Amino acid sequence: MKKIVLLAGAALLVLGACSNEEMVAGFDGPKIEVAAGENFAVDLQTALIEAGVGTRIELPAGTYKLVDGLSLDVAGVTLIGAGEGETILDFAGQQGAGEGLLVTSNDVVLQDFTIRDTAGDGIKSKGADGIIYRNVTVEWTGEPDADNGAYGVYPVESTNVLVDGVTVRGASDAGIYVGQSKNIIVRNSLAEYNVAGIEIENSSFADVYDNTTKNNTGGILVFDLPNLPVMGGHSTRIYNNDVYDNNTPNFAPPGNIVASVPSGTGVMIMANENVHIFNNKFANNRTVQVIVNAYINEFDDETYNPLPRNISIYDNEYSGGGEDPQGLLGEFAKAFGGRMTAIVWDGVTKWSGEESVDINLAINEADNIGFLSLGVGSYPVVEANLKPSPFRPGGKAGTAPSPVKLPQEQ
Amino acid sequence: MRFWAVICALFLISCADNPATSGPDLAVILADKPAKNLSDYGLIKKAEVGFQATSSLHAYELINPLFTDYAAKQRYVFVPEGKKAEAQKDDIVSFPVGTVLVKNFGYAPDMRMPDEGAFLVETRLLIHNEAGWKAYPYVWNKAQTEAIYAPVGKKLNIKTTSPDGTSLDFTYAVPNANQCKTCHQTGHDIIPIGPKARNLNHQGQLQNWVNWGMLAARPQEVSVVPNAFDLTAKLDTRARAYLDINCAHCHKAEGSASNSGLWLDWNETSSVRIGVQKHPTAAGRGAGGFIYVIDPGKPENSILPFRMLSNEAGIAMPELGRSLAHLEGVDLISDWISQMPEN
């Protein structure tokens, strides 16, 4: 107890001028209350810099204009507002930094506030192990716009990531994006009007469940991309999610990989391994409910496997969808009466010059759930070589990855 | 109690009597927390106008400086007496505990005559204490008699004429303490950026350091980066030297931008890693609608010069440390991309 008092005392000396400092009942550590008012931005950034390890920084209700990005590099800090839509950090007019809030320390909790209209990404946490995003909203107001920031919630190069009860709207890339990380849970969250609702990229051991992704361009994406420091993404479970009406036109700036996702995509699995998709409800994704495909671009990276492997799709509910397929799938669909099946595989089994392999795609759905292999064989697409087939490839579902357990929940 | 009072009194008197002789205060330098005033470290003369270095500070110059809104910079290093730094072929010089790296940022009303009416904006310190390097920003007062610790940085309006005669009126951003870390980060540590042997190895500088007793020895072998704006050097090495000092502190395996996979260190050999036909990773609208970081032969289609030229948050690179584009740097990188053979 003495140590905590000392910490609080030290913080008091530094911050006493701008904030209230006291011990919190039921909270065993130092606390800083950032006061509302003209100096809010400076007081908040000061608190984020000078807080001791384990400090709880409280933000009052209200809307606060910020023109520069915030950053936190102190371990164990909880940054907590008065609630989503109650405490609003408004970055319209942001002049500096690549994101609204950058976290680079471990064991941080971000909770109960809204971040709005950042110039770049919303909240980025990099190399920040054990982070919790809980009941946080990140949004870009107005219509979906290519000038919106890329990612809403953006943990990267981190271990033990929890995204729980988060809402993201309007991201021009992915609403909730977890990249180059491992041990990940994304749950109870809402992603809407983003290009990608939820994206797990170059990551391993991820559970994505009890989320709603609607009105995005694509609902949930699991990708692995070349030429990145962390590759070989694998072992993701996508279950108990509602994935519907992801029909927003793609508004991603060209060049970014999600710009290639056709509007109307439910779930897309690209070049990843051991992904299980089950017990989800798919509805009215106009291009395709679930698509499994290889990486589509040329690449120069010997360590990269561009094929999806060991992908299992089972026990999902499907309604509507595929009635107005967009992009390349729309072109294909012309040969099939203009509609696309619920589940599509590009049928790529090899990369140029290499031997064909069995990628083990297992589909265990009711017989009336449509499937189509485009029979592309290998990229780039050569029309004359296409061998489309309605027959499921007959892969065997392996054991699903074990549930992800996070130390911050034990 | 009385003993300390006497000591303090003696100290105060000696300071007041003879400010020029107060030397570096290692207790302040090695403290966990930054001092409130820049002069508290004993590295500059107190109560004088401007930055009056004591004899414990040695000025040094980099072959290539990092661009900061056309600010004039002065660099100094303090190494505690009896201790020595060590230099390896290519790395950051390994400085002993107690070292302070000092960097002043200032302007003159007309940067074509940088000494006339020059004023200091900020001084950044990198202090090597027992726990590692610390990065602290100090902002100079109007009277130029002291710089005060500014953990949250500061925004300042600057009006000046640039070295090429352009009128500039812009908001200069003194970085906050975390932003200092963002650029100086390697893994979870903070390290200096400029003083790598390869960037110090000119004008007999490393030998001077040895002569002054600051450096144990000149490294056996040192690679030398060319001055990025020396037209007699090869364009390729000039461009790589420029990216090395302006970008690679974040764009490297252990840097803040590691996850981009775009690594711009002088020693990087993979053409994809330095951006040639590399797709953007997490660029969003920062990609500017372009497909590649570097589209060989086509700077106008390349993300790299596009982001260097932009001053807009969310697009501009570097993200921190500049409000203006470095037009000469953009030209250099554009020329370099132009001469790459198209595929």
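In this predicted model, the contact between the two chains draws on 44 residues from chain A and 38 residues from chain B. Together, chain B and chain A bury about 3,000 Å², and 50% of that area lies on carbon and sulfur atoms. On the chain B side, three residues stand out: Asn178(B), Asn259(B) and Arg285(B) supply 20% of the area that chain B buries against chain A, more than any other three residues.

What kinds of polar links cross the interface of chain B and chain A? The rule finds two salt bridges across it, and there are also 14 residue pairs in polar contact, with both partners at pLDDT 80 or more. A salt bridge is formed by Lys181(B) and Asp73(A), whose closest N and O atoms are 3.1 Å apart. Turning to the elements of chain B that touch chain A, helix α3 (residues 177-184) provides the largest share, with five residues. Sorted by class, this side of chain B holds 17 polar, 15 nonpolar and six charged residues.

Chain A itself is divided into two parts, domain 1 (1-104) and domain 2 (140-401). Taken over C-alpha atoms, the centres of domain 1 and domain 2 of chain A are separated by 37 Å.

Asn64(B) is located in the loop that links β1 (58-60) to β2 (72-78) of chain B. Is Asn64(B) buried or exposed? Asn64(B) counts as buried because its relative accessibility is 3%, and the cut-off for buried is under 20%. Its side chain reaches the backbone nitrogen of Ala228(B) at 2.8 Å. Apart from neighbours within four places in sequence, Asn64(B) is in contact with Asn199(B), Ala241(B) and Ile245(B), as well as with Val225(B), Pro226(B), Asn227(B) and Ala228(B).

Ser56(B) also belongs to a loop, in this case the one between α2 (26-29) and β1 of chain B. With a relative accessibility of 17%, Ser56(B) falls under the 20% cut-off and therefore counts as buried. The side chain of Ser56(B) is joined to that of Thr54(B) by a polar contact of 2.7 Å. When neighbours within four places in sequence are left aside, the contacts of Ser56(B) are Pro24(B), Leu43(B), Val77(B) and Phe78(B).

Conventions. Residues numbered from 1 in each chain as written. Chains lettered and ligands numbered in written order. Predicted model: local features only at pLDDT ≥ 70, side-chain atom pairs only at ≥ 80, totals over all residues. Heavy atoms only, no water. Contact = heavy atoms within 4.5 Å. Buried area = accessible area lost by both parts, 1.4 Å probe. Salt bridge = Lys/Arg side-chain N within 4 Å of Asp/Glu carboxyl O. Polar contact = N/O pair within 3.5 Å; in protein donor to acceptor, adjacent residues only side chain to side chain. Helix = DSSP H or I, 4+ residues; strand = E, 2+ residues; numbered from the N terminus. Nonpolar A, V, L, I, M, F, W, Y, C, P; charged D, E, K, R; others polar. Domains from an automatic or database assignment. Buried < 20%, exposed > 50% of the residue type's maximum accessible area, 1.4 Å probe, protein only.
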